[in-house]
Amino acid sequence: MDGLGGLRRVARVVLLDPGDRILLLHGHEPDDAADDWWFTPGGGVEGDETREQAALRELAEETGITDVELGPVLWRRTCSFPFAGRRWNQDEWYYLARTTRTATAAPGLTEPPGLTELEKRSVAGARWWSCRELAESHETVYPTRLAELLRRLLDEGPPATPEVLDTEIV
């Protein structure tokens, strides 16, 4: 693991469309599609890139969406979870972003061109969710309070400083 204290430095994107829907990716264990969940686009910081650069790169790689306006950090979260045979310990920063583009991947492609081999085996697609759909869903979503956090974001706007979310250990 890279980063301070053995935590992987991660940048995630809370991507909203003009209708205030959030884009989530549908992931699962590589060898068990029934063990699934929804999550925001994002991933680890590489080399000397900033978290902002990582957020934009990961968004482009995972969704094909590049025309975004990256906003402030909304939330910070430390999490630990098993995935693909190992434990991941992460320090995640969630950036607000807006886009007018709602199509993911490039026209004619079934998946974004920047997915890693592991992502190709574990990401089943993407979907735009309204706040209401998210609140009413029985799907597993990370972070677990995302529906509540999104509602507050839409009602009150971004926080003055990033909110530190509870640590999640799965």
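In this predicted model, Arg151 and Asp155 are joined by a salt bridge with an N to O distance of 3.2 Å. Both residues belong to helix α4, where they are four residues apart, about one turn of the helix. Arg151 has a relative accessible area of 38% and is therefore partly exposed. Asp155, with a relative accessible area of 54%, is exposed because the cut-off for that class is over 50%.

**Salt bridges**

Side chains of opposite charge can pair when their charged atoms come close. The count of salt bridges in the structure comes to 18. Three of them are set out below.

| Salt bridge | N to O distance |
|---|---|
| Arg151 and Asp155 | 3.2 Å |
| Asp91 and Arg51 | 2.9 Å |
| Glu168 and Arg77 | 3.0 Å |

The salt bridge of Asp91 and Arg51 has an N to O distance of 2.9 Å. This pair links distant parts of the chain, with Asp91 in strand β6 (residues 86-99) and Arg51 in helix α1 (residues 51-63), 40 residues apart. Asp91 has a relative accessible area of 14%, so this residue counts as buried. Arg51 is likewise buried, because its relative accessibility is 6%.

Glu168 and Arg77 form a salt bridge at 3.0 Å, N to O. Here too distant parts of the chain are linked: Glu168 lies in strand β10 (residues 168-169) and Arg77 in strand β5, 91 residues apart. Glu168 and Arg77 are both buried.

A network of salt bridges also links Glu46, Glu49, Arg57, Glu58 and Glu61.

**Aromatic pairs and charges over rings**

How many aromatic pairs does the structure hold? There are four aromatic pairs. In one of them, the ring centres of Trp37 and Phe83 are 6.1 Å apart and the planes stand at 85 degrees, so the pair is edge-to-face. Trp37 lies in strand β3 (residues 32-39) and Phe83 in strand β5 (residues 68-83), 46 residues apart, and the pair thus links distant parts of the chain. Both Trp37 and Phe83 are buried.

Trp38 and Trp129 form another edge-to-face pair, at 5.1 Å centre to centre and with 80 degrees between the planes. Distant parts of the chain are again linked, since Trp38 is in strand β3 and Trp129 in strand β7 (residues 123-129), 91 residues apart. Trp38 is buried, as is Trp129.

Ring pairs join Trp37, Phe83 and Trp88 into a cluster. Arg86 lies over the face of Trp88, 3.6 Å from the ring centre. Over the face of Trp129 lies Arg127, at 3.7 Å from the ring centre.

**Backbone features**

Which peptide bond is cis? The bond from Tyr142 to Pro143 is cis, with omega near -5 degrees. Pro143 is placed in the loop between β8 (141-142) and α4 (146-156).

Asp20 has a positive phi of about 65 degrees, although this residue is not a glycine. The loop between β1 (8-16) and β2 (22-29) contains Asp20. The relative accessibility of Asp20 is 27%, so the residue counts as partly exposed.

Methods:
Residues are numbered from 1 along each chain as its sequence is written. This is a predicted model: local features need pLDDT of at least 70, side-chain atom pairs count only at pLDDT 80 or more; totals for chains, interfaces and linings use all residues. Side-chain values use heavy atoms; hydrogens and water are left out. Rings of Phe, Tyr and Trp (its six-membered ring) pair if their centres lie within 6.5 Å; planes under 30 degrees apart count as stacked, over 60 as edge-to-face and the rest as tilted. Helices (H or I, at least four residues) and strands (E, at least two) are DSSP runs, numbered from the N terminus. Buried means under 20% relative accessible area, exposed over 50%, partly exposed in between (1.4 Å probe, protein chains only). A charge sits over a ring if NZ of Lys or CZ of Arg is within 6 Å of the ring centre and within 35 degrees of the ring normal. A salt bridge is a side-chain nitrogen of Lys or Arg within 4 Å of a carboxyl oxygen of Asp or Glu.
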